[in-house]
Amino acid sequence: MREEERPAFIDIPEEELRSKPRVFTRTIDGETVVVKQRVKPDMIFVHVFQNMLTRLLKDPLMLRTDATPGEKPSEAQKLRLLAENGIRVPKVLHETENYFIMEYGGENLGEILRDTPDIERQNEYIRRALSEMKTMHGKNFVHGGAQIRNFTFLDDEVYIIDFEEVIPEEYIQSFKIRDLIIFLMSLEKAGAPRGLEWVCRAYDEMSWREVLAELVRAILRYRFLKFLKWRIFSRIRMSDVRASLALIEKAEMARLDG
């Protein structure tokens, strides 16, 4: 839709916002848009675990970075900055103190992989998402929570969404590897695992060996978590833990192969 054709956005009533999930779609003058409310993130077990490991290892890869309402820059401001730098993100259409409205970005990669049984077609979608991640990293931006659900496809274009994380400037380089690790973990959790070498080649065909070496080093810092494979922990092995253990095994194999 051309800019001059866009509807003039009006504020959404508070009662409607309270009755909706944090992120929801809305149709305005025939156009589907996404509304995202600003709410304080909940502290869940994985965050407690992250905080503990960050203090223990002093490793920025586990740093908890989710923003709180009112924190600057806001997600809408980050989306505008990313768009200005040529990174494909949904366009912000309207912003208030409590929510913002953006273009609909399409179906997310997790949904696409679930509905696409053909492995080669899956691989093409994954390659395109990793290529967009590489473009973002090449311009010195990182995501912080680069799960496959945060890559969407619409009209044969790939978009990156959900830039809630606030990344300290000094950790940008480290978080490029974190983005890859989180992407790999989300593939494991979606039942669409890929090898470390395959992902590194798809991400950066020219320098994949260097990327792989850095990725393996980063993952193997957490080898001690293998104790969670013991039978006594079987009932508390959540999907994040299972995915982490799978990546540790793959990193150990990659090191042996190297």
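## How H6 and H7 cross

At what angle do the axes of helix H6 and helix H7 cross, and within what distance do they come? This is a predicted model, and in it the axes of H6 (residues 172-189) and H7 (residues 196-203) cross at roughly 125 degrees, coming within 11 Å. An angle over 145 would count as roughly antiparallel and 65 to 115 as roughly perpendicular, so H6 and H7 end up oblique to each other. As for handedness, the H6 and H7 crossing is right-handed.

Who's touching whom? On the H6 side, the contact is made by Leu-180, Leu-184 and Leu-187, and on the H7 side by Leu-196, Val-199 and Tyr-203. Sorted by type, the residues of this H6 with H7 contact come out as 6 nonpolar, with no polar and no charged ones.

## H5 and what covers it

Helix H5 runs over residues 119-138, which is 20 residues. From first C-alpha to last, H5 reaches 28 Å, close to the 28 Å expected at 1.5 Å a residue.

## The whole protein

Zooming out, the protein has 9 helices and 7 strands. Of its 258 residues, 45% are buried. Taking contacts between residues at least 6 apart in sequence, 65% join residues at least 24 apart.

How values were computed. Residues are numbered from 1 along each chain as its sequence is written. This is a predicted model: local features need pLDDT of at least 70, side-chain atom pairs count only at pLDDT 80 or more; totals for chains, interfaces and linings use all residues. Side-chain values use heavy atoms; hydrogens and water are left out. Axes are lines fitted to C-alpha atoms, for helices over the stretch in contact, and angles run from 0 to 180 degrees between N-to-C directions. Helices (H or I, at least four residues) and strands (E, at least two) are DSSP runs, numbered from the N terminus. Angles under 35 degrees count as roughly parallel, over 145 as roughly antiparallel, 65 to 115 as roughly perpendicular and the rest as oblique. A crossing is left-handed if the near helix is turned anticlockwise from the far one by less than a right angle, and right-handed if clockwise. Contact means heavy atoms within 4.5 Å. Ala, Val, Leu, Ile, Met, Phe, Trp, Tyr, Cys and Pro count as nonpolar, Asp, Glu, Lys and Arg as charged, and the others, Gly among them, as polar. The expected span of a helix is 1.5 Å times one less than its number of residues. Buried means under 20% relative accessible area, exposed over 50%, partly exposed in between (1.4 Å probe, protein chains only).
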